[in-house]
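Biologist: Hi! Could you walk me through this model while I have it open?
Modeller: Happy to, let's bring it up.
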Amino acid sequence: VSTGTLTSGWGIETSILAPGRIQIVLAGLTPMTGSGTVANLQVSVVGSVATQTALSFENAVLNVGAITPDLSDGLFAVNGFFTLGGTVTYFQDARPVPGTRLDLVGVGQQNDVTTGTGTFTFNNVLTGSYQLKPEKDDHVDGISALDATAVLRNVAGLQSLSAHQQMAADVNRIDGITALDASYILQKSVGNITGTFPGAGKYWDFSPIERTYPLISGDLTNQNFTAVLLGDVTGNWNADGSQNAPVGGGNNLQGDPVPFSLDLVDVTGEVDQIVTVPMEINVGSSLAYAVDMAFSYDSAMLEIQAVTIDAAGTNLFWDKNTSQSGEIRVSMAGSQPISTNGTLLNFQFKILRALDAPTQVVLEQASFDEGAVTATVSSGYVADTTPPQISVDTLTTNDTTPEISGTVDD
């Protein structure tokens with residue numbers, strides 16, 4: 001036992017009262033002030049790895065009891081170096097979730113990131129108490145209109161959701177699963193929500209949220225987490241951005257159903273006029289609840305004015321995004337299957353300039369139920385009917401034969 005920073009120059013006496021009990025007496029000519037060490041105890045460690053013992057005060061007397069100290073006991077643990085590892089997998093099909101950061105906080109702090117196979121490993125973990133927590137904010141793909149459909153059907157009592165699906169469905173973390181969650185998911189599917197969902201503050205959730213270890217005293221394996229992407233209720237997420245088959249997805253009709261067809265109608269118009277391009281739907285004998293669509297057009301020729309829903313979409317929940325020049329995204333969802341033929345959407349364009357040839361409005365993508373149901377598509381054309389302009393350079397007339405010379409832009 002030796003004096004500390006606050007008792008430098010003091011006298012010190014030590015006696016071992018019994019095995020495990022020691023008495024220390026210190027006295028000095030100058031008072032202790034400030035904060036620091038009163039005494040240092042040097043010990044020889046004889047216990048086995050991971051064993052521990054309490055370090056407790058029996059009593060402490062300062063200035064013959066004139067000062068009452070605030071005593072805090074301690075703990076001594078025999079250090080070991082251990083390994084802790086596990087996996088992070090997706091809630092659907094246990095797919096690996098790479099790029100998940102894990103923080104191990106306790107006796108110091110370590111972090112690791114899951115590999116392509118979803119595994120993580122911490123080496124040289126000292127004996128002690130720890131918390132292990134996962135976190136991820138990338139690979140945010142796979143959120144579609146069908147996810148909104150699952151929420152709507154759950155709210156209406158038409159579809160049950162697993163515990164992990166419920167975690168994905170409650171995107172705003174307010175009042176459980178509601179129609180507002182479906183609205184946010186639909187907005188996310190067309191890009192109108194670019195960050196985290198309002199109220200969520202994160203992209204991913206995990207089960208468990210964290211793991212707590214009161215004392216790590218040996219190697220630990222299978223410290224696994226299940227990952228859930230908020231908004232992906234159907235569970236079709238994949239690390240490479242592709243879409244897996246949704247939970248319960250697919251056409252459940254017997255035989256070979258006739259696919260959906262989507263057709264953009266050809267129209268004509270004049271420069272500076274607004275033209276409406278309808279899109280017709282024929283459901284055939286297919287069964288689907290949701291569709292995600294992407295359109296393109298020549299922004300040098302056409303300017304989008306509005307996208308409106310028509311009779312065939314009356315019972316559908318929908319959203320659109322026209323913020324990117326030359327691109328349109330539309331997602332539609334319903335608690336019941338899409339069943340009405342006719343005009344589904346109307347696109348209003350302004351013709352910006354004379355068209356030497358018809359310009360095309362292209363239906364780039366139409367994914368029904370996250371691709372589980374097939375569809376045929378056709379694009380539409382906008383043709384210019386602006387009357388030819390005649391520029392007259394000279395006009396010569398006489399009593400019998402008038403003559404005009406000039407150019408015609410046809």
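Biologist: Which residues are buried in H3?
Modeller: Asp181, Ala182, Ser183, Tyr184, Ile185, Leu186, Lys188 and Ser189 are buried in H3. Buried means under 20% relative accessible area, with exposed over 50% and partly exposed in between, using a 1.4 Å probe and protein chains only. Helices (H or I, at least four residues) and strands (E, at least two) are DSSP runs, numbered from the N terminus.
Biologist: Before I go on, what kind of model is this, and how are residues numbered?
Modeller: This is a predicted model, where local features need pLDDT of at least 70 and side-chain atom pairs count only at pLDDT 80 or more, while totals for chains, interfaces and linings use all residues. Residues are numbered from 1 along each chain as its sequence is written, and side-chain values use heavy atoms, with hydrogens and water left out.
Biologist: Good to know. What do the buried residues of H3 pack against?
Modeller: They pack against helices H1 (145-155) and H2 (163-169), plus strands S18 (290-296), S20 (317-321) and S21 (327-333). Contact here means heavy atoms within 4.5 Å. Just after H3, Gly191 takes a positive phi of about 90 degrees.
Biologist: Which ring does the charged end of Lys188 sit over?
Modeller: The ring of Phe197, 5.7 Å from its centre. The rule is that NZ of Lys or CZ of Arg is within 6 Å of the ring centre and within 35 degrees of the ring normal. Arg211 also lies over a ring face, that of Phe225, at 5.4 Å from the ring centre.
Biologist: What lines the largest cavity?
Modeller: Lys188 again, together with Val140, Ile143, Thr196, Phe197, Lys202, Tyr203, Leu229 and Leu230. The largest cavity has a volume of about 30 Å³. On a 1 Å grid over the protein atoms alone, a cavity is a set of points where a 1.4 Å probe fits but cannot get out; a pocket is an open set with protein on both sides within 12 Å along at least five of seven lines; lining residues have an atom within 4 Å of a point. Grid points are joined across faces, edges and corners, and a volume is the space filled by probe spheres set on the points.
Biologist: And what volume does the second largest pocket have?
Modeller: About 360 Å³. Of the 20 residues lining that pocket, the closest to its centre are Ile143, Lys188, Ser189, Gln243 and Arg329. H3, S18, S21 and strand S23 (359-368) each supply at least two residues of the lining.
Biologist: Switching topic: is Asp205 buried or exposed?
Modeller: Asp205 is buried, with a relative accessible area of 10%. Asp205 belongs to strand S12 (residues 204-207).
Biologist: Which side chains does the side chain of Asp205 make polar contacts with?
Modeller: One is Arg173, at 2.4 Å, and another is Lys202, at 3.2 Å. A polar contact is a pair of N or O atoms within 3.5 Å; within protein, one must be able to donate a hydrogen and the other to accept it, and residues adjacent in sequence count only if both atoms are side-chain atoms.
Biologist: Last one: how many aromatic pairs are there?
Modeller: The count is 9, with rings of Phe, Tyr and Trp (its six-membered ring) pairing if their centres lie within 6.5 Å. The centres of the Tyr90 and Phe91 rings are 4.9 Å apart and the planes are at 45 degrees, so the pair is tilted. Planes under 30 degrees apart count as stacked, over 60 as edge-to-face and the rest as tilted.
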